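Hello,

Here is the structure we talked about, with the sequence alongside. My notes follow below it, so please have a look at the model as you read.

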Amino acid sequence: MIRKIRNKVEITAALSLIWETFLQFEAPDYSDEGVKSFRDFIENEDIVASLEFWGAYENDELRGVIATNENRKHICCFFVKSKYHRQGIGRKLWECVLNNSNHPVYTVNSSPYAVPVYHKLGFIDMDSEQLSDGIRFTPMKFERYRDNGIQN
């Protein structure tokens, strides 16, 4: 079941899933500065309050999270617990964002690990890999009306 995450307890659980998954899959590609920058981002209460979180649940267990800003135009965090990878949870979270907004273009700054995942979801690279505050990322976009394999 995909649903909006609304209360502080659920957001705390989402941030915990994000951090644990980040440490497992993203942190190995980042410098200490990058890990600290990401931690500072998810611990910034003003930033967290500005995000919209959606969660994938099964049997009351949070299995994946997508968080967006700018009225669902930019993906800030997108993580699925490792034991649930390759089960379609990420695609369902992404489709939930698409189905609950009508923007023509969506953006993300993808970690090196997630670039192939975003490609499978129909995103294209906007530039080569960048480095900012120790965070490695590839700026990517999804164009709703481009032939990208997603039903619009």
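**The largest pocket**

β4 supplies seven residues to the lining of the largest pocket, the largest share of that lining. Before going on, a word on the source: this is a predicted model, in which local features need pLDDT of at least 70 and side-chain atom pairs count only at pLDDT 80 or more, while totals for chains, interfaces and linings use all residues. Residues are numbered from 1 along each chain as its sequence is written, and side-chain values use heavy atoms, with hydrogens and water left out.

Helices (H or I, at least four residues) and strands (E, at least two) are DSSP runs, numbered from the N terminus. A pocket here is found on a 1 Å grid over the protein atoms alone, as an open set of points where a 1.4 Å probe fits, with protein on both sides within 12 Å along at least five of seven lines; lining residues have an atom within 4 Å of a point. The largest pocket holds about 1,100 Å³ of space, where the volume is the space filled by probe spheres set on the points, and points are joined across faces, edges and corners. Its lining has 42 residues, and E26, F78, S111, A114 and Y118 lie nearest the centre. At least two lining residues come from each of α1, α2, β4, α4 (89-99), β5 (105-110), α5 (115-120) and β8.

**The nonpolar cores**

A nonpolar core is a set of buried Ala, Val, Leu, Ile, Met, Phe, Trp, Tyr and Cys residues joined through side-chain atoms within 4.5 Å. Buried means under 20% relative accessible area, exposed over 50%, and partly exposed in between (1.4 Å probe, protein chains only). The largest core has 24 residues, and the members that touch the most others are I5, I18, F22, F38, F53 and V65. Two or more residues each are given to this core by α1 (8-25), α2 (32-43), β2 (52-58), β3 (61-69), β4 (74-80) and β8 (135-143). The largest share, seven residues, belongs to α1.

Not counting residues up to four places away in sequence, F22 touches A27, P28, Y30, V35, F38 and F79, with contact meaning heavy atoms within 4.5 Å. There is also a second, separate core of 22 residues, which includes F78, V80, L93 and F123.

**Helix α1**

This helix has 18 residues and reaches 25 Å from its first C-alpha to its last, close to the 26 Å expected at 1.5 Å a residue; the expected span is 1.5 Å times one less than the number of residues. Its buried residues are E10, I11, A14, L15, L17, I18, W19, T21, F22 and F25. They pack against β1 (2-5), α2, α3 (45-50), β2, β3 and β4.

At the start of α1, a side-chain oxygen of N7 comes to within 3.1 Å of the backbone nitrogen of V9. T12, also in α1, is partly exposed, with a relative accessible area of 47%. The side chain of T12 reaches the backbone oxygen of K8 at 2.8 Å.

**A few single residues**

A67 is in strand β3 and is buried, with a relative accessible area of 0%. Leaving out residues up to four places away in sequence, A67 touches L51, E52, F53, H74, I75, C76 and C77.

S101 sits in the loop between α4 and β5. Is S101 buried or exposed? With a relative accessible area of 14%, S101 is buried. Its side chain makes a polar contact with the side chain of Y106 (2.9 Å). For a polar contact, a pair of N or O atoms must lie within 3.5 Å; within protein, one must be able to donate a hydrogen and the other to accept it, and residues adjacent in sequence count only if both atoms are side-chain atoms.

Two backbone angles are also worth a look. Most residues other than glycine have a negative phi. N59, in the loop between β2 and β3, has a positive phi of about 50° although it is not a glycine. D133, in the loop between β7 (130-132) and β8, has a positive phi near 55° and is likewise not a glycine. N59 is exposed, with a relative accessible area of 69%, and D133 is exposed at 52%.

Best wishes
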